Amino acid sequence: MKQKTLKRGTLIFYALLMMMVWVSPTSAQILDPATWKVTHSNTESGEITLSFEVALESGWHIYDVELPSGGPTPTSIELDGTKGAILVGGLVTDRDPAVVYDKNFDMQLRWYSDKVVFTQKVQIEDPERFTLQGDLVFMLCNDETCLPPTREEFHITPEDLTTPLQMESVAASDVADEVEADEVADTAVATAPTAALFQGDIWQPVVTELKAYGDNTLSATDNSNWVIFIFGFIGGLIALLTPCVWPMIPMTVSFFLKRTKSRKAAIRDAMIYGLAIVVIYVTLGLLVTGIFGASALNDLATNAIFNIIFFLLLVLFAVSFFGAFELVLPQSWTNKMDANAESASGMLSIFFMAFTLVLVSFSCTGPIIGTLLVEAATRGSMLGPAIGMIGFAVALAIPFALFAVFPNVLQNLPKSGGWLNTVKVVLGFLELALSLKFLSVADLAYGWGILDREVFVSLWIIIFTLLGIYLLGKLRLPNDDKVEKIGVGRLFLAIISLSFAMYMVPGLWGAPLKSISAFAPPLYTQDFNLYDSEVHAQFDDYESGMNYARQTGKPVMVDFSGFGCVNCREMEASVWTDPQVKSILDNDFVLITLMIDDKTKLPETITVEENGKTRKLKTIGDRWSYFQRTKFGSNAQPFYVMLDGDGMPLGPSYGHNVSVSDYTDWLKSGLAEYQKRK
């Protein structure tokens, strides 16, 4: 019995470590629990009153205009393209907000539910040329989830005014100066995407040219669905061995023993049971797909509120797994579902039994499902979350379906006991380590600098050292049995954990730590770094880099990356640090790195047409993401492409492939092609 237990613990540890190493960072209907009515009125003297009336669905709330720092996004007005008008005062509401302590943010927050009206005063200064344009920025939450910050646009011109103005215009000279300044700014914005300074259009789409080279990277997203399915399947296998799912096995067997009359009926009921489990979990995946469409996925992946909430959730689960408290769904829910399963007949009772399994196991499967859904959603695939949940549910459903057919198998399974709590604690340590990845993503995207690389590595060293000490029986938590002696398997797991902690120690002085490069912040965030083999991009702006390349007669390598892209970090630490690759990138190419999730605001908003829709590019990341989609037909990261001075490709693009030899051959082929063109 002990040997089986140790083998099972070993499998859990390895499977979780494999997931931690492997996991990395189309449209659908967006969930919209708010209905807006935007109106305006004005006086003869040019004072405009903007009114934003919102009706919220039951359970949802919108935040007030004033919130403590470090919390969710407050409601605010952002002007974009406004001319000849200024704001007077701030946003006001028609009633007082509710003041509620939110345990997720650990602070008092102010919000409104049901209906509320926000109003903003605006004073017209130039009645002839004024344009009032901008967004109301807001964030919606309920007790279970928060949606990313959203914008409600408004646009008012002189023709839209409700009352004729009786006011004087500004001086003609002032107007002329303003017109000239606006024309200069508009020209700068209009010419930025076309870059007329260069011979040839460096923004010209080159998808056809890339495919002529036999480019396979552009279709890589098709294969990513299989990766998501595999991640989900591994997560389902891990979930089977958690303390919340394991005790459901006897309940399942007992349930089907009472109803099974024949082998044929048993097989039929077992198939229905397994299918019901799959349907329930896939419905959850489709719900995530419906909430987060393609246009929001990249923003979601690096959204500060989203990542901080998920960081806090994982920490909460870890503390629960350590035994501080029991995190379970309300007992009334599970009791009611269990009673329905007992009283219902036919296929309906089987469905209730499957739903009971989902509810009872939620406290253990929640962190696994949450991590899976986040990764699936941020990969940009429309069906990613649903496919991930199919993999998870299939792995979970197959054993339970088999138990439903062969109840006698239960006799050979180990009973629940102390080993399940050990599994739970190990999961807690791993959840705690994984949570730091989400905090790091938000920290990098917004440049807070609170979780630099040495801080991250230090915390991981401590976590895995404590895990090793726990496995040796030197650290006991509230629900642990006293360890009289440890088995060989547990000893080896402790050795692995402590060795992993020791392996990370050189990272405090800048060692690349390739095995965790997908999770740790990049090397440039390290304050004390004795390692000098990393590659640094020469430019973070496409036009500037291309201009320099033409002046120096070098080819260009464009690197589309992201602060939240763990595969990008792995390529930089595992491939770019190779001496030959580093030499080629530093000496033979002009390296341009474009961060598609950079939240820095553009000096002016760029309005573009894409797929028949008008879009506004407001941040640097928006611009580079649009550039990647329109010129190269891709939105995946990492994405590498070699170009000549006119913006034409020198070969196929390159994606996530950590083979140093393949990457070196790819770079050399681009250099050879560039020499031919010269």
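## Two helices side by side

H14 covers residues 453–471, while H15 covers residues 488–504. The two pack at an angle of about 160°, with axes 8 Å apart. That makes H14 roughly antiparallel to H15, a label for angles over 145 degrees. The axes here are lines fitted to C-alpha atoms over the stretch in contact, with angles from 0 to 180 degrees between N-to-C directions.

A quick word on the model: it is predicted, so local features need pLDDT of at least 70 and side-chain atom pairs count only at pLDDT 80 or more, while totals for chains, interfaces and linings use all residues. Residues are numbered from 1 along each chain as its sequence is written, and side-chain values use heavy atoms, leaving out hydrogens and water.

## The whole protein

Zooming out, the protein has 20 helices and 16 strands. Those are DSSP runs numbered from the N terminus (helices are H or I with at least four residues, strands E with at least two). Of the 678 residues, 51% are buried. Buried means under 20% relative accessible area, exposed means over 50%, and partly exposed is in between (1.4 Å probe, protein chains only).

The accessible surface comes to about 30900 Å², and 59% of that belongs to carbon and sulfur atoms. Areas come from the Shrake-Rupley method with a 1.4 Å probe; for residues, only the protein chains shown count as cover.

## A greasy patch

Back to H14, where Val 455 is found. Val 455 is partly exposed, at 34% relative accessible area. Together with Leu 459, Ile 462, Leu 466 and Ile 469, Val 455 makes a nonpolar surface patch of about 350 Å². To join a patch, a residue needs over 30% relative accessible area and no salt bridge; nonpolar side chains (Val, Leu, Ile, Met, Phe, Trp, Tyr) are joined within 5 Å, like charges within 9 Å.

## A salt-bridge network

Side chains of opposite charge can pair when their charged atoms come close. A salt bridge here is a side-chain nitrogen of Lys or Arg within 4 Å of a carboxyl oxygen of Asp or Glu, and the count comes to 10. One of them joins Glu 78 and Lys 601 at 3.8 Å, N to O. That pair sits 523 residues apart, with Glu 78 in strand S4 and Lys 601 in strand S14. Glu 78 is partly exposed at 28%, and Lys 601 is partly exposed at 45%.

Salt bridges that share partners join Glu 78, Asp 135, Arg 151, Lys 601 and Lys 618 into one network.

Most residues other than glycine have a negative phi. Asp 114, though, has a positive phi near 60°. Asp 114 is found in the loop between strands S7 (107–113) and S8 (115–124), and counts as exposed at 53% relative accessibility.

Terms used. Angles under 35 degrees count as roughly parallel, over 145 as roughly antiparallel, 65 to 115 as roughly perpendicular and the rest as oblique.
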